[in-house]
Each structure stands twice: as C-alpha cells, then as structure tokens.
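Hello,

Here is the structure I promised to send over. Please have a look at it first, and then read on for what turned up.

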Amino acid sequence: MAEADDRRRPPGSRLIWPLLALPGTVWLALLFVAPLYVVVAILFGGTDPILREPVPVWNPLDWDFTQFTYVWDHIVGSRPFFRPALVRTVVYVTIATLGCLLIAYPVAYFTARFAGRWKGVLLAALIAPFWISYMMRMLAWVNLLQTDGLVNRALSAGGLFDVHVDWLQGHAATVVLGLMYGYVPYMILPLYAGLDRAPVRMLEAARDLGASRWETFRRVTWPLSRSAVVVSLLVTALPMLGDYFTNDLLSGSPSTSMIGNLINNSVLTPGQTGQAGAFVLIILVVSVIPMVLYVRSTRSGADLMS
Amino acid sequence: MTNPVAWYRNPWRKPWVLGAVTVGYLLWSLLPVAVAVLFSFNAGRSRVTWQGFSMRWYYGDPLRSVWHDSSLHTALTHTLWLGVLATVITIPLGVAMALGLDRWRGRVPAGANLAVLMSFVLPEILIAVSLLFVATVLVSPLELGTSGQVAGLVTFQLSYPVVIVRARLLTIGRDYEEAAVDLGASPFGAVWRVLLKMLLPAIFASAVLVFADVIDDFIIVRYLSGDSTTEPVSVKVYNTARAAPTPALNALTTLLLVASLLAVSLGFLAFRVLTRGEKNAAGLDVFTGEA
C-alpha cells in the first residue's frame, strides 16, 4: 500500500520524511547515545595519575578493567563496601513500589468506576502533584517532619504524650514513605487509563452472575488491568532507581543511602568518576531488562488483548 | 438491609472503602503542600509555628525575601527561562521527528525509534551523568551552564512530543493528507497546511507537559549547572532545605507553583479551544498519556 502511494506522488515526497526526522535523530545520537558510550569508555579507561582526571579509552580492545573489577570486588567480594547500598536500593524500591500500588490501585479504580460527576474534579486533583514541583513536595515534608514539626505535634495529641522522633535522621521508613509520596502520582495515571478502558459490562455481568466483589476483582478486573499494572510498576520503579535527592532531603545519612547516592557521591569526586560510571551502567542494565521483557510480553499478548 | 452479612454480600453496595481510600490519599497528597504554601505567608521566620499573616517573605523583608534576595529570584527567573528555551527547542524538533518517524522505514529510523523509547523510560540520572562526563572530561562544545542545561533537558524531553504526536497521527490516519495531495498540494504543503493544523492540540498538550516537566527538573539541571547563577529553584531547595531555611524558600516554591498552574490552565484553555467541535477529544486523554 505505502509503496504504491509513494509511486503515485511527485518525486521528493519520499525525501521529506527522512528530512523531518533527521534533526531529532542526530540530536539523540549525539546527546543521548554517544554520551552513554562515553560513560563506558570512562569506566573502562584509566585515571590520570597526577591530575586524578579520568582518561577515556575508546577502543574496546584497549579497555582496562581495573575500575570495573574494583567496583565488582566491593559488591560481591570479601569487603562489600557498596553492597549494603545496592541491597537497600532493591528493598526500598520494591517496598515503595508495592506500597504505591496498594494506594494507587484503589484510587484509580474508584476514579474510573465510581467517581460519577466528580470525575473531572477528581482527575484534576490526581494530576495536581505533576504541576507541583517535586522538590516543593519534599520541602513540605521536611517542614512537617522537623522535631518540633506538625507531625510530632499531631502524634503528641496536644501535649498528652511526649513525642520527639527525629524523623529526618536516617530512618528507612521515612525514606520509603517519601519515595511513595513522591512517585504515587506517576502510578495512578497509567492505572487509571487502563482501568477506565475496562469494559463495565463485563464487570456487571460477573456480578449479575453471582460473583462476589472479591471474585469479580480477582477473576475479571485484575486480569483485565494486568498490563496497565506492569506499565505503572515500571514507570514508578525505574525513576526511583536513580533517585538520590529524596534520600538526601529526608534522611541525609549514609545508613539509608541507595545506588543513586553512590553515583551522586562519586560523580563529582576526583578519581572516582569511573565508579560513578559503573553504577550508572548497573542502573542501565537493570532498567533495560524489564523493558525488553515488557515489550516482548506485549508483542505476544497483543493478540490476546484484542 | 439491616443484616451486615447480606449488606457485605450485596455486589451493588456503595464503594465506601474505595471512596475513603481515595479521599484519604488526596488529603495525604495535597495537605502537606497546602501547609507549605500557608507558611510562606508566615510573619515570623519559623516554618512550624504560625505567627500571623504577612507578605514578608515575598517582598517585605529587605534582605531575605524572594524579591530582595538575588539568589532566590535569580533561581526563579532562571527556572522559567530554562522552561521557555527547552520547550521552544524540544517541540519543533520532536514534532518533526514524530512526523518523519511515522513514515520513514529502514534501519536508521528503527534505531531512532529505539533511542526515543529508551530516553523515555531510562532514569534521568543516566542522561545527566553521561552529559556531565561529556562536558567535563572531554573537550566538547557542550558546556556547563545554561546551554548545557538546555541541551540535557531537550534530550530528556524530546520523547514527549514524539510519543504524543505519533499517537495522534495514528488516530488521524492518512486520508486527509492524501486528499490534500490529490487536490494538488505538494507533499510539504499537505504536511504544513493540513496535518500540522490537525496536530495542533497534540502539539499544544506536549508543549505544556514539557514546560511543566522542565521547571520541575532537578537531576539534569543540577549536574549541568555552571555556577550559582544557573541554579534553578529545585537545586536551590535541595541545597538549603536541610540547612535551616527561612519561609522565603516556601515563598519561592509557591511562586513556581503559581507559574506552573498558570501555564497549565492557559494550555488547557487553549487546548479546549483548539479541539472545539471534536467529539472524542475529551481533553484529559492527552495529559494522561493515553492519546
């Protein structure tokens, strides 16, 4: 079809599409793909012994694995200096993402199915955090969680109890709750989009045929929304992997640091840029794998859905 | 009805629990920000004790208000400036790319598609660190400061217009454009005068999204900032939030919030005007990433 169209059209009509796509393609090649290779070249390059500046090595044949093995040894070796932060990243991100799902699913479901004439208002309120700066939302919590802040005052119930919790001094719970607070909005929208599309008639049929609420959810709603759930988990978990500022603002203690903090602490330190490159590549690999799996699953599941 | 078991079993009962969770979530989500906005009007310098209403932290205080402290209002103007610059570059680049990738077949466009997808989902810190390395380790035209920040932001945001416009192209189809060509328009004319007009709502929506996302950006603008004059609001908040700031910081973020809400409301109004008469353009679809 397309080829026949092109033949009918005047010459030059085929050139127009490459010409339109070219600037953006070149931009991404120069400023997205090539810089990722620079990270690799720096990780497998050397360090200037005097200036402590990284010396990138472009040819893969000349790569020097010293920095890579250094990082690797400190993750799996006998002195696992970096391991706690990596384990913490996995644990925090998992808990925070599942916590987000526990909040986001009911909210998205309620908005899609039961909001009625409040739907527009509700959607606006759910989108609102997108227009509020992330840092402002974190700043709000920094204020509330001060030792003399409103949270402790609310907990002391007007002076009945004496509450002096240092929420901001390296508590894992604060960091995980902060991550949840920060990223829930990103999860609600794709979930809402998926649930809003679910055919209401099918859900009503299930209930008419005698399924309880739980049965309807387990056998109809949940399977219908599964792909939306996967997407929402991805868009929430991946950015969390690179997050270091939530941690810095709400804890600031090495006892809660994650892989993002490792990157942030080493990237600006002379002589440690290679390390930062290694951690960046870990994040790259960890985020690409679920993406590939997702793309594959949607390809095979595309027929099933329609 | 009085039997609680029967009530529980009734599949048509009102979803009280879901409603309560939703209301609870909204309170949890928005109240802290409301408190932060409230304390930007505090008369004293406390961020936890209310000492009366004043505009002190906006312009009243001769030293530390947003109006008088140059480091604060520079952060605000720089943030908005970055938002404008990045949006103005990203949108034409992205729209052209979306149009081109929609029709161009072959290896290069396939690779470009993959790059767009990757830049869409990969954590921002990857782009930030790699561009920081390019700017600091290599001898390259990329420099720290405003130009570097804009380059990084455009790279990160380019996928938004591409994804949104391509989704819209899918629903438009080829018919209008082919009709235009049949009626004597050049291929370029068909794109310029027909397709682009029909894409206007999608272009607008992506411009609003990009602008709002850029003024909220932190990772890229922090790593690629040159000196303190190129530090936007988010970096300012990060640097001072834990170091006993005054409510002027709340005032600064409140002003940014106002700017963001203004941009979004204007964008939404314009979007409604542009999609007037279209049945399926419910409006919010584009913003939820659906369209």
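Over which residues of chain B does pLDDT stay under 50, and how many contacts beyond four places in sequence does the model have for them? The stretch is residues 286–291 of chain B, and the model has 19 such contacts for it. Do keep in mind throughout that this is a predicted model.

Confidence in chain B

The mean pLDDT of chain B is 85, and 92% of its residues reach at least 70. Helix α14 (residues 284–287) of chain B has the lowest confidence in that chain, with a mean of 48. At the other end of the scale is helix α7 (residues 146–157) of chain B, where confidence is highest at 94.

Confidence in chain A

Chain A has an average pLDDT of 84, with 92% of the residues scoring at least 70. Among its elements, helix α4 (residues 83–113) of chain A has the highest mean pLDDT, 92, while helix α1 (residues 2–8) of chain A has the lowest, 48. The pLDDT is below 50 over residues 1–7 of chain A, a stretch with two contacts beyond near neighbours in sequence. Where pLDDT is low, the predicted coordinates should not be read in detail.

The build of chain A

Chain A has 13 helices and two strands. Its radius of gyration is 25 Å, whereas the globule rule gives 19 Å for 306 residues, so chain A is more spread out than a compact globule. Along the principal axes, the C-alpha atoms of chain A fill a box of roughly 85 × 75 × 35 Å. Of the 306 residues in chain A, 42% count as buried. If you take the contacts in chain A between residues at least 6 apart in sequence, 63% of them join residues at least 24 apart.

Where the chains meet

In the interface, 75 residues of chain B are in contact with 79 residues of chain A. Helix α2 (residues 16–39) of chain B gives the largest share of chain B's side, 13 residues. That side of chain B consists of 55 nonpolar, 13 polar and seven charged residues. For the model as a whole, the scores are ipTM 0.85 and pTM 0.86.

Best wishes

Conventions
Residues numbered from 1 in each chain as written. Chains lettered and ligands numbered in written order. Predicted model: local features only at pLDDT ≥ 70, side-chain atom pairs only at ≥ 80, totals over all residues. Contact = placed C-beta atoms within 7 Å. Helix = DSSP H or I, 4+ residues; strand = E, 2+ residues; numbered from the N terminus. Nonpolar A, V, L, I, M, F, W, Y, C, P; charged D, E, K, R; others polar. pLDDT = per-residue confidence, 0-100. Rg over C-alpha atoms; globule rule 2.2 N^0.38 Å. Buried ≥ 20, exposed ≤ 12 C-beta atoms within 10 Å, placed from the backbone.
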